[in-house]
Amino acid sequence: MSARGGGDEVPIAADADVVRVRQLVRARAQAAGLGLVDLTKVVTAASELARNTLVHGGGGTARVEAVAGTTAGGRPRSGVRAVFVDAGPGIPDVRAALQDGWSSGTGLGLGLSGARRLVDEFDLTSGVGSGTRVVVVKWGR
Amino acid sequence: MSVESWGAVLAEHQADLQASWLAEVAPPLAGRVTRQELERDGRELFGALAAGAAVSGSFSDGAYDELRAVLTELSRSRARQGLTPSETATSVFAVKTAFLRAPGVQPDAAFVALSQFVDELGLFTFEVYVEARERVIGEQSEQLLELSTPVVKLWDGVVAVPLVGTLDSARTQVVMEKLLQSLVDTGSEHAIIDITGVPAVDTQVAQHLLKTILAARLMGAECQISGISPQIAQTIVALGIDFGEIRTRATLADALVHALRSTGADVVRGAGAPARTGR
């Protein structure tokens, strides 16, 4: 898998930034040729993660870029990758946080686990006091 | 000072310039930007300036790409820290002050005074301009908030809210208030929230919708959600959101038919009417 450059970094500091991240992901996913269902899924996942960055991480950045790779069958495919980084308090128990219904705030507790189900690749690294980094990839069919 | 000469001053006295730049910018920003951060900014700023000046005297030259990147980062971080445009631009104008104080530089006092005066004029204009534009943007978003949430009466006892665009907390609050008020005003027992125009339903949007529906229910009204597209349906399932007993419909028409039937009205096609309303 290789990044194809032209990535955009958006600061997440207010509600309006969550909308900007969503629009950016939508534009990139459209450019990568994702279908309507995959597009809606990755945009929704980005929305959840951006809001987590804002609400739980105290703000951070989102980086959105087009990626190219190959399927298991060796066919070339393109997709979109989004990286969310914050320097917040971190998640003490990542495994628990990825369970449905786990919530540190007043939400439904489905954001993180739901976002994972909406994308093809999901990677979360976090440590108490060292912030949180989430990388998601969604491939076109 | 000619171009070659400021480059020469910079090459010879970079450390002095950085120090007087810091002395100039630090006091007004004290308590808001840390000294370490300002020192780093100064280092990067003068470093990139020196690298560019060694090659070219024109800022539009590619040699200043690094400097442009440093300035971009500086502007963005100042904006995030909530500093005004003037306070941000002062970090750049302080470069001039630093040069004027450099050893061996003897500027014309009258010219310096004029130059600083014009800088202040420029900053003032810029500040007023940004303020005016922000006011316009603020007014527009408020207008949009009002415009984008009409509650329409579809039938006796049936009201609908067609939602378009992004649902944030502020908008949902407006929607909820308007919907609940219109239930009282029109004596309606049925409300339909149509989300055809909402591009994505995430957990926050879903939570807002659920709360609105719960509030309507407490007032004795039945609330339906319509306009759930195939892609939104699949996203909601993958997210794991449970809409429970809330009645959802694919289209506003389906929701209206259901609401009409619940009010006792029946929808039948008249015998004399054409099979399809093709008018």
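This is a predicted model: local features need pLDDT of at least 70, side-chain atom pairs count only at pLDDT 80 or more; totals for chains, interfaces and linings use all residues.
**Chain B, overall**

Reading from the N terminus, I wrote their order down as α-α-α-α-α-β-β-α-β-α-β-α-β-α. I then looked up burial, and of the 279 residues of chain B, 24% count as buried. For the contacts in chain B with a separation of 6 or more, I noted that 72% are between residues 24 or more positions apart.

**Chain A, helix 1 and helix 2**

I turned next to helix 1 (residues 15-31) and helix 2 (residues 36-55) of chain A, whose axes come within 9 Å and cross at roughly 150 degrees. Because angles over 145 degrees count as roughly antiparallel, I recorded helix 1 of chain A as roughly antiparallel to helix 2 of chain A. The crossing of these two helices of chain A is right-handed.

I also looked up which residues meet there: helix 1 of chain A contributes residues including Val18(A), Val21(A) and Val25(A), while those from helix 2 of chain A include Leu39(A), Val42(A) and Leu54(A). Sorted by kind, the residues of this contact divide into 10 nonpolar, two polar and three charged.

**Chain A, Gly33**

Lastly I looked at Gly33(A), which lies in the loop between helix 1 and helix 2 of chain A. I noted Gly33(A) as partly exposed, because it has 14 C-beta neighbours inside 10 Å. Leaving aside neighbours within four places in sequence, I found Gly33(A) in contact with Ser78(A) and Gly140(A). I also looked up Val80(A), which is 47 residues from Gly33(A) along the chain, and the C-alpha atoms of these two residues are separated by 9.6 Å.

Key. Residues are numbered from 1 along each chain as its sequence is written. Chains are lettered from A and ligands numbered from 1 in the order in which they are written. Helices (H or I, at least four residues) and strands (E, at least two) are DSSP runs, numbered from the N terminus. A residue is buried if 20 or more other C-beta atoms lie within 10 Å of its own, exposed if 12 or fewer, and partly exposed in between; C-beta atoms are placed from the backbone. Two residues are in contact if their C-beta atoms, placed from the backbone, lie within 7 Å. Axes are lines fitted to C-alpha atoms, for helices over the stretch in contact, and angles run from 0 to 180 degrees between N-to-C directions. Angles under 35 degrees count as roughly parallel, over 145 as roughly antiparallel, 65 to 115 as roughly perpendicular and the rest as oblique. A crossing is left-handed if the near helix is turned anticlockwise from the far one by less than a right angle, and right-handed if clockwise. Ala, Val, Leu, Ile, Met, Phe, Trp, Tyr, Cys and Pro count as nonpolar, Asp, Glu, Lys and Arg as charged, and the others, Gly among them, as polar.
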